[in-house]
Amino acid sequence: MATVLAYKTSLLLLLALSGGSVAGMTYYYQGQTANMNNEISNLGNGITSSNGQIANLTSQISKLKAEIASLNQSLQSLPQVNEVPRNVVIRVEWVNTFNSDQDRFYPEYITVVQGDNLSLVFISNDTSDAHTFTISLSFRGLRPAAAFQLNNSWTGLSSGPFLTPTNTNFTGRPTGCTDQNGNSVTCSTQKANSGTGSTGDCNNTAPIQPPCDLWSTGALGIVTVPGVYKFFDFYHQKIGMYGWLIVLPNKGYTAG
């Protein structure tokens with residue numbers, strides 16, 4: 001009897017221990033399953049967020065493509081002419097006589113045809129501030145960063161209130177000019193023989209400021225790409241001193 005009793009006791013103990021082990025294993029795997037479900041949920045949220053970002057990026061790309069298509073359509077809708085390209089000299093002046101009482105270009109709109117070979121004369125007689133004629137060379141098929149620039153500054157004139165530091169008077173002859181290929185060149189700026197003379201300084205601090213008539217010239221070169229191009233004054237663009245060069249498509253132009 002003692003042997004049977006010992007056997008039963010051992011069996012019951014083994015079953016008890018086995019049951020406890022199964023319960024622990026079950027609890028462990030339940031925890032692991034919960035953790036895995038959380039990771040799957042987080043991954044799903046990440047995928048949803050990424051899909052949202054991709055959809056937003058796709059929308060932006062679509063809008064950009066639409067804008068490019070609209071721009072190309074606008075360029076195609078420009079009136080097309082059939083003219084023999086010409087050598088064109090453009091005269092642009094600084095003025096401050098409009099109702100706005102602000103610096104402006106005259107003319108503000110210049111129209112030429114594809115293939116024209118352009119030269120520019122820039123005239124300013126501001127007794128106080130310097131002015132530039134600056135334009136991107138995209139109309140020549142060059143990179144947008146390449147620019148043509150004339151600089152009508154002179155000793156005794158100011159850069160104006162829109163640069164830092166403001167209203168700084170120039171102490172030397174003009175610099176920063178570039179040619180039809182965007183290369184740096186010596187500025188062609190000259191001073192008319194008035195006031196302090198053709199080689200004298202200007203003086204915008206005088207109670208009565210003397211005339212400071214300046215003019216400069218440069219070759220813009222052959223315009224090859226139809227479109228509308230902004231030209232501006234580097235010192236005073238913020239107050240509206242800019243204009244537009246309009247290049248019409250020309251059937252009479254043959255690329256060389």
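I began with the disulfide of C177 and C187, where the torsion about the S-S bond is about 105 degrees, so I noted the disulfide as right-handed. The model is a predicted one, in which local features need pLDDT of at least 70 and side-chain atom pairs count only at pLDDT 80 or more, while totals for chains, interfaces and linings use all residues. Residues are numbered from 1 along each chain as its sequence is written, and side-chain values use heavy atoms, with hydrogens and water left out.

**Disulfides**

I took a disulfide to be a pair of cysteine sulfur atoms within 2.5 Å, and by this rule I count two disulfides. The one that joins C177 to C187 has an S to S distance of 2.0 Å. C177 lies in strand β7 (residues 177-178) and C187 in the loop between β8 (184-185) and β9 (190-191), so this pair ties together parts that are 10 residues apart in sequence; helices (H or I, at least four residues) and strands (E, at least two) are DSSP runs, numbered from the N terminus. For accessibility I used relative area with a 1.4 Å probe on protein chains only, calling a residue buried under 20%, exposed over 50% and partly exposed in between. C177 is buried at 3%, and C187 is buried at 14%.

The sulfur atoms of C202 and C212 are 1.6 Å apart in the other disulfide I looked up. C202 and C212 each lie in the loop between β9 and β10 (214-222), so the pair ties together parts that are 10 residues apart in sequence. Both C202 and C212 are buried. With bonded cysteines counted along the chain, the pattern is 1-2, 3-4.

**Aromatic rings**

I paired rings of Phe, Tyr and Trp (its six-membered ring) if their centres lie within 6.5 Å, with planes under 30 degrees apart counted as stacked, over 60 as edge-to-face and the rest as tilted. This rule gives 10 aromatic pairs. F105 is buried at a relative accessible area of 0%, and F133 is buried at 2%.

I then looked up Y242 and W244, whose ring centres are 6.1 Å apart with planes at 80 degrees, so this pair is edge-to-face. Y242 is partly exposed at 30%, and W244 is partly exposed at 28%. The charged end of K230 sits over the ring of Y242, 4.4 Å from its centre; the rule asks for NZ of Lys or CZ of Arg within 6 Å of the ring centre and within 35 degrees of the ring normal.

**Nonpolar cores**

A nonpolar core is a set of buried Ala, Val, Leu, Ile, Met, Phe, Trp, Tyr and Cys residues joined through side-chain atoms within 4.5 Å. The largest one has 24 residues, and F133, I135 and L245 have the most contacts inside it. Among the elements that give two or more residues to this core are β1 (87-95), β5 and β12 (242-248), and β1 gives the most, with four residues. A second, separate core of five residues includes W154, L157, C202 and L214.
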